[in-house]
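Q: Got a model open here and would like to walk through it. Can you take me through the strands, then the helices?

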Amino acid sequence: MSGKIIIVNRFAFCFDHGNELCHLCDEDFRFDNNNSAGIARALARKLGNEFEAENGFDLQERQPINIYTYGVKPHTHHRGPQASGSCTEHSKLDCQKCYDWIRLISAEATGDGIDAVRARVIRSG
Ligand SMILES: [Zn+2]
Ligand SMILES: [Zn+2]
């Protein structure tokens, strides 16, 4: 493991595996990602203040996302341990459409179809 991270639309993932929660790197970015992207506030606006209680959902224990399952193209920088990423569909850095974390997480919270499932892949090798 390189200790490098990739940041896409304000969410961080380990660079080597693309995991938000990585057992190989011993990292869990969910808490920081929720905070830096203002997920709790956004979900409260979208689903109501009691969205956790109402849906039996725990934001801090949500399903971790694997960024590489979204077809991200990493851009590494010579200096520093951070990479950024663009989507393959629009070649757009931090694409709001492809990396709409609020939509994805709210789908998980409410158990809403395919979006809830897409995020569940963890790479372990
Ligand atoms: Zn990792
Ligand atoms: Zn896109």
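A: Starting with the strands: β1 and β2 run antiparallel and are joined by four bridges. Strands here are DSSP E runs of at least two residues, helices are H or I runs of at least four, and both are numbered from the N terminus. Two strands count as paired if DSSP finds at least two bridges between them. This is a predicted model, so local features need pLDDT of at least 70 and side-chain atom pairs count only at pLDDT 80 or more, while totals for chains, interfaces and linings use all residues. Residues are numbered from 1 along each chain as its sequence is written, and chains are lettered from A and ligands numbered from 1 in the order in which they are written.

Q: Which residue in β2 stands opposite Ile7?
A: Ala12. The two strands form a hairpin with two residues between them, and Asn9 in the turn has a positive phi of about 50 degrees.

Q: In what sense do β1 and β6 pair?
A: Parallel, over three bridges. Ile5 has Gln82 as its bridge partner in β6.

Q: And what is the strand order of the whole sheet?
A: β2-β1-β6-β5, an open sheet of four strands with mixed pairing. β2 (11-14) and β5 (72-75) each have a single partner strand, so one side of each is left without a neighbour in the sheet. On average, neighbouring strands are turned by 35 degrees against each other, direction ignored.

Q: How many bridges join β5 to β6?
A: Four, and these two strands run antiparallel. Pro74 stands opposite Gly85 there.

Q: Switching to the helices. At what angle do α2 and α4 cross?
A: Roughly 60 degrees, with the axes coming within 10 Å. Axes are lines fitted to C-alpha atoms, for helices over the stretch in contact, and angles run from 0 to 180 degrees between N-to-C directions.

Q: Which residues meet there?
A: From α2, Ile39, Ala42, Leu43, Lys46 and Leu47; from α4, Trp101, Ile102, Ile105, Ser106, Ala109 and Thr110. They divide into eight nonpolar, two polar and one charged. Contact means C-beta atoms, placed from the backbone, within 7 Å. Nonpolar covers Ala, Val, Leu, Ile, Met, Phe, Trp, Tyr, Cys and Pro; charged covers Asp, Glu, Lys and Arg; the others, Gly among them, are polar.

Q: What else does Thr110 touch?
A: Leaving aside neighbours within four places in sequence, Thr110 is in contact with Leu47 and Asn55. Thr110 counts as partly exposed because it has 17 C-beta neighbours inside 10 Å.

Q: How many residues are in the largest nonpolar core?
A: It has 18, and those with the most contacts inside it are Ile6, Val8, Phe11, Phe13, Ile67, Trp101 and Ile105. β1 (5-8), β2, α2 (39-47) and α4 (101-110) are the elements giving two or more residues to this core. Such a core is a set of buried Ala, Val, Leu, Ile, Met, Phe, Trp, Tyr and Cys residues joined through C-beta atoms within 7 Å.

Q: What does Ile67 touch?
A: Ile6, Val8, Phe13, Gly18, Val72 and Gly85, not counting residues up to four places away in sequence.

Technical notes. Buried ≥ 20, exposed ≤ 12 C-beta atoms within 10 Å, placed from the backbone. Contact = placed C-beta atoms within 7 Å.
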